[in-house]
Amino acid sequence: MWRSLARRGERDVLHGSFGGMFHSEALPGALPRRQNSPQHPSYGLYPELVSGSAFTVPRAKNRYSWLYRIRPSVQHAPYHGSDYELMAHKTWLSPPFQHPFPPVQLRFTPAPMSSGDFVDGTVTLAANGSPAAQDGCAANAYAMSQSMSSKRRFLRVADADLLILPQEGVLELRTELGDLQVEPWELAVVPRGLAFQVNLGQQASSARGYFLENFGDHFVLPELGPIGISGGLAHARHFLAPQARYEELDGDFELVSKFMGSLYSSRLRHSPLDVVAWYGCHVPCKYDMRLFMAINTVTYDHPDPSIGAVLSSYTTSPGLANVDFVIFPPRWLPAEGTFRPPWFHRNCMSEFMGLLTGTYDAKPDSFLPGAASIHNRYVPHGPDAAAVKKGTELDGMQPERYSGTLAFMWETRLVWHPSRYALASLSEEGYPSAWQSVEKRFDATETPPLQQPYGFPPTR
Ligand SMILES: O=C(O)Cc1cc(O)ccc1O
Ligand SMILES: [Fe+2]
């Protein structure tokens with residue numbers, strides 16, 4: 001088993017390919033080698049299938065896992081539907097939202113630290129589409145100072161795959177298929193329908209970050225076109241899956257289910273993390289974003305941000321994403337004679353941005369880690385006044401290293417609808433004025449420098 005990328009102290013992880021087929025067993029021979037549903041499974045385990053896609057979708061999009069567990073998941077207690085209690089949650093919210101909001105630039109301050117766990121400390125900042133229609137997504141922040149394990153609590157989200165981005169504090173992600181330690185600079189994906197628990201890892205007394213609920217098509221590695229697939233952007237082999245690991249624990253546990261946009265609490269009489277072996281491609285995974293092979297111009301001009309796509313959830317329309325997850329990692333900016341920060345633009349897609357660490361070149365002084373901005377369909381935005389000044393004054397022939405930074409964008413087909421809570425409690429009122437001091441510099445009397453026939457670049 002390859003273990004080279006596993007961190008010290010971390011349990012074994014499996015290398016393979018994103019969306020590929022993995023096999024793992026915590027006891028020798030627990031995984032049936034020839035069939036899925038033997039009459040007498042090893043160790044008296046029960047086979048259980050979890051599908052991530054309709055059985056009949058094309059192979060390339062098919063996701064499922066076979067689990068071999070101590071007890072079938074159907075054996076939950078209590079035994080009446082009425083015992084699933086609707087959980088009121090003031091800040092973890094699901095679309096569709098109905099309240100109106102203006103087509104203006106929005107920015108939100110970091111979510112307040114909660115005294116609770118991942119579930120308690122989730123704040124939905126914006127969302128679109130609907131879990132019922134399995135379309136769109138929700139952008140959330142989490143701020144937690146308790147492990148779910150201290151409440152004997154598990155979570156199962158039927159509506160969405162989760163893309164978790166830790167900003168501060170290592171997370172111990174325990175899932176039915178095994179455990180992953182996930183630290184800042186890494187991402188984790190938990191596919192829909194699997195039970196899991198988010199705990200504080202490695203001496204963290206609190207943790208915060210962002211997470212996306214993707215109601216639409218499962219994430220895939222983006223198509224690479226002329227970039228070619230052998231090494232560009234995020235590489236399939238760098239996605240790590242957990243090894244099977246089980247606990248045989250009877251007791252009183254809580255299962256929080258997210259279903260059709262609502263949270264329900266129910267009781268379990270045993271830990272759901274009792275899967276002894278599994279195989280499949282509907283699998284949690286993590287990826288170290290420091291391994292991202294960033295592409296950038298080596299001549300001139302600022303490329304489209306799609307060059308930073310790590311994962312995409314596509315629609316049936318070619319190239320159109322339900323959501324693209326794009327990063328702006330540490331990189332060289334060598335573009336010659338070019339204004340290097342992002343341009344001014346109005347976009348048909350809608351942009352949610354967060355900052356995991358460092359600074360972001362379009363807002364060098366004012367965008368803080370943990371904050372979030374939204375620039376919706378055709379809302380004008382771009383470099384703020386400080387970025388315009390820096391980008392204009394910089395020596396345009398010297399490459400520049402952009403270090404220690406990790407901003408990201410969730411770019412969606414549907415407009416980001418900010419939650420009432422975010423608008424009322426986290427909104428940064430003066431944000432649209434960030435552009436007011438961009439100077440008018442028009443001078444009709446200027447004699448423009450002689451340009452090459454096709455403008456820049458010079459033919460040297
Ligand atoms: O608006 C933003 O800051 C995100 C963004 C970055 C970029 O490099 C190009 C386009 C874009 O929307
Ligand atoms: Fe943008």
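The structure is a predicted model, in which local features need pLDDT of at least 70, side-chain atom pairs count only at pLDDT 80 or more, and totals for chains, interfaces and linings use all residues. Residues are numbered from 1 along each chain as its sequence is written, and chains are lettered from A and ligands numbered from 1 in the order in which they are written.

**Confidence**
- The average pLDDT (the predictor's confidence in each residue, from 0 to 100) is 93 for the protein, and 94% of the residues score at least 70.
- Residues 1-6 have a pLDDT below 50, and this stretch makes 7 contacts beyond near neighbours in sequence; a contact requires C-beta atoms, placed from the backbone, within 7 Å.
- For the complex, the predictor gives a pTM of 0.96 and an ipTM of 0.99.

- An open sheet of mixed pairing contains 7 strands in the order 5-18-17-9-14-11-12.
- Its edge strands, strand 5 (85-87) and strand 12 (178-182), each pair on one side only.
- Strands are DSSP runs (E, at least two residues), numbered from the N terminus, and two of them pair if DSSP finds at least two bridges between them.
- Strand 11 (residues 171-175) and strand 14 (residues 195-200) run antiparallel and are joined by 5 bridges; Leu173 has Val198 in strand 14 as its bridge partner.

**Ligand 1**
- The shell around ligand 1 consists of Pro305, Pro342, His345, Asn347, Glu351, Ala362, His375, His381 and Met409, where a residue is near if its C-beta atom, placed from the backbone, lies within 6 Å.
- This shell divides into 4 nonpolar, 4 polar and 1 charged residues; Ala, Val, Leu, Ile, Met, Phe, Trp, Tyr, Cys and Pro count as nonpolar, Asp, Glu, Lys and Arg as charged, and the others, Gly among them, as polar.

Conventions. Helices (H or I, at least four residues) and strands (E, at least two) are DSSP runs, numbered from the N terminus. Two residues are in contact if their C-beta atoms, placed from the backbone, lie within 7 Å.
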